[in-house]
Amino acid sequence: MDKVDSLLKIIDRYDHYIEVANNKANYLLAFIISISVGMAALLGYSDILKFELSAPITNTLKVICIFIYAVNLLFAMQILLDVHKIIFPNTSSPSTSVKSNIFFGDVASLSHIEYADSLKRMSPDSFQEDLSFQANALAKIVDEKFKHQKQAMKIASQQYILSSLFVSILCGIIKALS
């Protein structure tokens, strides 16, 4: 297998990693939104904003529940920011000094005639160099997406789910006491 074929397979693998990261981010986004909407409905069902003078312990639990829900929303916002960084496409050209015949932004900046001429002038060595440049750029994109994915999953699996569970339990207790 020659170097060009190897580079093409590496680029294909990185494209697959980008697709996987985007899909996971979409699933995480749907999960966070569904849990947040469910908790909002549960808070409404629990009459969380209806305070009574005769039940001070219930009022205290309601305030704690509202506080935990607010913290939960902050966790959700942090997750959403990370998910946005995963899903949002990286469209900037990695290099401004040399136009690539592979990177879509550079190709789109040329007319079809300029692009065809550029391909005709391209030697096998410069094509290989362009492919290696593209593989390097994609590796950096994948690395960044996976860092944000790891951070979002850590927040979701530790803080967000626990605070959601606490809100749900408190809502059940509040409903039982009222």
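I began with helix packing, taking axes as lines fitted to C-alpha atoms, for helices over the stretch in contact, with angles running from 0 to 180 degrees between N-to-C directions. The model I am reading is a predicted one.

**Entry: α2 and α5.** I looked up how helix α2 (residues 56–87) sits against helix α5 (residues 124–177), and found an angle of about 160° with the axes 8 Å apart. Since angles over 145 degrees count that way, I noted α2 as roughly antiparallel to α5. The crossing of α2 past α5 is left-handed, and I recorded 21 nonpolar, nine polar and four charged residues in the contact of α2 with α5.

**Entry: cysteines.** I searched the whole structure for disulfides and found zero. How far from C65 is the nearest cysteine sulfur? That sulfur belongs to C171 and lies 3.8 Å away, which is too far for a bond, because a disulfide needs the sulfur atoms within 2.5 Å. I also noted that C65 is buried, at a relative accessible area of 0%, and that C171 is buried, at 1%.

**Entry: aromatic rings.** I found two aromatic pairs. Y14 and Y17 make a tilted pair, 6.4 Å centre to centre with 45° between the planes; these residues are three apart in helix α1 (residues 3–45) and therefore separated by about one helical turn. Y14 is buried at 17% relative accessible area, whereas Y17 is partly exposed at 31%. The ring of Y17 also pairs with that of F146, again tilted, with centres 6.1 Å apart and planes at 45°. This pair links distant parts of the chain, with Y17 in helix α1 and F146 in helix α5, 129 residues apart. F146 is partly exposed, at 34%, and I logged Y14, Y17 and F146 as one aromatic cluster.

Notes. Residues are numbered from 1 along each chain as its sequence is written. This is a predicted model: local features need pLDDT of at least 70, side-chain atom pairs count only at pLDDT 80 or more; totals for chains, interfaces and linings use all residues. Side-chain values use heavy atoms; hydrogens and water are left out. Helices (H or I, at least four residues) and strands (E, at least two) are DSSP runs, numbered from the N terminus. Angles under 35 degrees count as roughly parallel, over 145 as roughly antiparallel, 65 to 115 as roughly perpendicular and the rest as oblique. A crossing is left-handed if the near helix is turned anticlockwise from the far one by less than a right angle, and right-handed if clockwise. Ala, Val, Leu, Ile, Met, Phe, Trp, Tyr, Cys and Pro count as nonpolar, Asp, Glu, Lys and Arg as charged, and the others, Gly among them, as polar. Buried means under 20% relative accessible area, exposed over 50%, partly exposed in between (1.4 Å probe, protein chains only). Rings of Phe, Tyr and Trp (its six-membered ring) pair if their centres lie within 6.5 Å; planes under 30 degrees apart count as stacked, over 60 as edge-to-face and the rest as tilted.
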